[in-house]
Amino acid sequence: MGLPGGQPLLGLHMLLMALNCLRPSLSLELVPYTPQITAWDLEGKVTATTFSLEQPRCVFDGHASASDTVWLVVAFSNASRSFQNPETLADIPASPQLLTDGHYMTLPLSLDRLPCDDPLVGSGGAPVLRVGHDHGCHQRPFCNTPLPGPGPYRVKFLLMDAGGSPRAETKWSDPITLHQGKTPGSIDTWPGRRSGSMIVITSILSSLTSLLLLAFLAASTARFSSLWWPEEAPEQLRIGSFMGKRYMTHHIPPSEAATLPVGCEPGQDPLPSLSP
């Protein structure tokens, strides 16, 4: 049996619980700063898996102590409104929760890493935060892993004390969409959509290639022809492996034939007859 007036007491208890939950949010300071892509002229400021933010230098000046930490909150654009700031370090969402809850926190930085000095003085490096740049941090709880898709994403900076309680936050950024490469099927290879100058250059190069090929074939043919079929026959005739000289025949004049000794006339037997 319930006590008289139990429902009003229950309603008051629920109201006190709600106020207790809203107390950190009401005491959280909103810093008038909007995160944005770095204005430095850098290649790859936005890629297929990363984007580069300007560092929040001096953003929390006057709101933080030396032991505080600046966190980056990354969320899908449509899930940024439902993000609840963590109350303890155990409540900080890790990178795998991006695919389940639509948000996570990463890149914890101490204030000494975000000085108010001129960024051009010192190391000379561009003062940026590369979101999604760490490809080998799968074992650490708050990895800066490559982003899984084009987004769009929204980010904000959250200042937390050593116990994990939020102290101040910035505004959410504008939507950030990553660059995506074209699929092979979407690449236009139809020559009819190319410019006339490109077609003319391609035709000239093809013609030059054909002419060079014909010239090479002609030179090769002439070279081998001179090796196999010489223009003049050599003085010595080659028959197999035998080499023989060419002799000229001589004609004996009649005057020389008349002076031959008796018995040496042509057509007579030079040997004496042995018959009786």
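The structure is a predicted model. The disulfide joins Cys 58 to Cys 116, with an S to S distance of 1.7 Å. This pair links distant parts of the chain, 58 residues apart.

**The disulfide**

- Cys 58 sits in the loop between strand S2 (51-54) and strand S3 (69-76).
- Cys 116 sits in the loop between strand S4 (103-110) and strand S5 (128-131).
- A disulfide is a covalent bond between the sulfur atoms of two cysteines.

**Accessibility of the cysteines**

- Cys 58 has a relative accessible area of 33%, so it counts as partly exposed.
- Cys 116 is also partly exposed, with a relative accessible area of 47%.
- Cys 143 has a relative accessibility of 2% and is therefore buried, the cut-off for buried being under 20%.

**Thr 38**

- Thr 38 lies in the loop between strand S1 (29-30) and S2.
- Thr 38 counts as buried because its relative accessibility is 2%.
- Leaving aside residues up to four places away in sequence, Thr 38 touches Lys 45, Ser 52, Leu 53, Glu 54 and Val 128.
- Among these, Ser 52, Leu 53 and Glu 54 fall within strand S2 (51-54).
- Val 128, another residue that Thr 38 touches, belongs to strand S5 (128-131).

Methods. Residues are numbered from 1 along each chain as its sequence is written. This is a predicted model: local features need pLDDT of at least 70, side-chain atom pairs count only at pLDDT 80 or more; totals for chains, interfaces and linings use all residues. Side-chain values use heavy atoms; hydrogens and water are left out. A disulfide is a pair of cysteine sulfur atoms within 2.5 Å. Helices (H or I, at least four residues) and strands (E, at least two) are DSSP runs, numbered from the N terminus. Buried means under 20% relative accessible area, exposed over 50%, partly exposed in between (1.4 Å probe, protein chains only). Contact means heavy atoms within 4.5 Å.
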